[in-house]
Amino acid sequence: MGLGAVGPGCAGMGPQRLLWFLLPTAAFLGLLFLSSLRLQVQLSACVWGGRPCGWLGGRGETPPPVQGRKPPLLSRLSGSRLPLPRHGTPAPAQAPRCPGQAFQISRLLAAFRACVTPDGEILLGEYLAGWKELIKLIDALGAAFGLLAQETQTKMEILQGHRAGPHAPHYRTLQAMVAFELQRGLVGLRVLPPDWPPSGCRTLLRLHRALKWLELFLGKLSHSGPEEDPSQLCAVAYQAALAPYHSWWVRQAAGLAFLALPSRRELYGLVCAEGEREARAMLLDAVGIIARVYNVTQRVYATRGLLELP
Ligand SMILES: *[C@@H]1O[C@H](CO)[C@@H](O)[C@H](O)[C@H]1NC(C)=O
């Protein structure tokens, strides 16, 4: 028996194997630690792989930790301090129901409703206005969704940059944007040239996929019974809509984020309705409107063969 005679159990545990075992464990504990501190799950999931691994994907588009940008809305909205559905005196019809709350479902409904023209065009201004409200909703889901909220914000800023840029007229509608970028060869159909600015098409595709997740989640929430767990509903929606596009690391981070979701009662409270029945109706309304926008967008991307843009 020399020094090399290690037990059979350790024979396969070369440094490489050990690393594969330790890294996920360390990452998992790290993430747990971060979320327990109610910090935003920053780039922790990306440190090891070195590959793009944000919630929405995309090279280098996860914003760097910006100094001075205050953590948006998070602590004010999360946890048990969410306004609960109120019973009793009805609020005036037009005034915001929960004046202190950032997320207003009425703004969400208005923007996405106005987003599709009678000709079936998607107005990008309204699309982004709807997303602005969705970001506030994501923020309200808890601190663990901070990274997603930030990434979404970055995607929106890219699109707003295009809309304010020299080719602004081509970025009024989705259809015009797709036609313009394809014609100019700006899209990068197979690979993403490293020095290109992110095209509007691929940027919006990331939002589009996340929109499906929210549509499914809100749909499940509005059909759920009081005994159902939002974490479970959210995870199922995620599996269907986003997980296929995500690396292992992001899926783990997402799984943890779902565990920290507010209760069903608190989520219903975000709608600020008079009781559960009305909250359910408003959620269903939102789901229908989002689905319409999603379906039109999906058709545009599918006809152009753009659904798998890198
Ligand atoms: C969207 O498309 C799905 C699947 O094709 C369909 O089931 C659904 O009814 C559509 N919804 C709307 C609002 O167009």
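Which residues surround the ligand? The views below are taken from a predicted model.

**View 1. Surroundings of the ligand.** The ligand is surrounded by Gly288, Ala291, Arg292 and Asn295. Taken alone, the ligand exposes 360 Å², and 29% of that is buried by the protein. Sorted by class, the shell around the ligand holds 1 nonpolar, 2 polar and 1 charged residues.

**View 2. The ligand and the side chain of Asn295.** Asn295 belongs to the residues that surround the ligand. An N or O atom in the side chain of Asn295 lies 2.3 Å from an oxygen atom of the ligand.

**View 3. Helices α4 and α12.** Helix α12 covers residues 275-303, and its axis is 9 Å from that of α4. The two helices pack at an angle of about 30°. Angles under 35 degrees count as roughly parallel, and α4 and α12 are therefore roughly parallel to each other. Their crossing is left-handed.

**View 4. Helices α4 and α5.** Helix α4 is formed by residues 105-113 and helix α5 by residues 124-140. The axes of α4 and α5 are 8 Å apart, and the helices pack at an angle of about 155°. Because of this angle, α4 is roughly antiparallel to α5. As in the pairing of α4 with α12, α4 passes α5 in a left-handed crossing.

**View 5. Helices α9 and α10.** Helix α9 spans residues 230-241, and helix α10 spans residues 248-259. The axes of α9 and α10 come within 8 Å and cross at roughly 155°. Angles over 145 degrees count as roughly antiparallel, so α9 is roughly antiparallel to α10. The crossing in which α9 passes α10 is right-handed.

Note on methods: Residues are numbered from 1 along each chain as its sequence is written. This is a predicted model: local features need pLDDT of at least 70, side-chain atom pairs count only at pLDDT 80 or more; totals for chains, interfaces and linings use all residues. Side-chain values use heavy atoms; hydrogens and water are left out. A residue is near a molecule or strand if one of its heavy atoms lies within 4 Å of it. A polar contact is a pair of N or O atoms within 3.5 Å; within protein, one must be able to donate a hydrogen and the other to accept it, and residues adjacent in sequence count only if both atoms are side-chain atoms. Accessible areas come from the Shrake-Rupley method with a 1.4 Å probe; for residues, only the protein chains shown count as cover. Ala, Val, Leu, Ile, Met, Phe, Trp, Tyr, Cys and Pro count as nonpolar, Asp, Glu, Lys and Arg as charged, and the others, Gly among them, as polar. Axes are lines fitted to C-alpha atoms, for helices over the stretch in contact, and angles run from 0 to 180 degrees between N-to-C directions. Helices (H or I, at least four residues) and strands (E, at least two) are DSSP runs, numbered from the N terminus. Angles under 35 degrees count as roughly parallel, over 145 as roughly antiparallel, 65 to 115 as roughly perpendicular and the rest as oblique. A crossing is left-handed if the near helix is turned anticlockwise from the far one by less than a right angle, and right-handed if clockwise.
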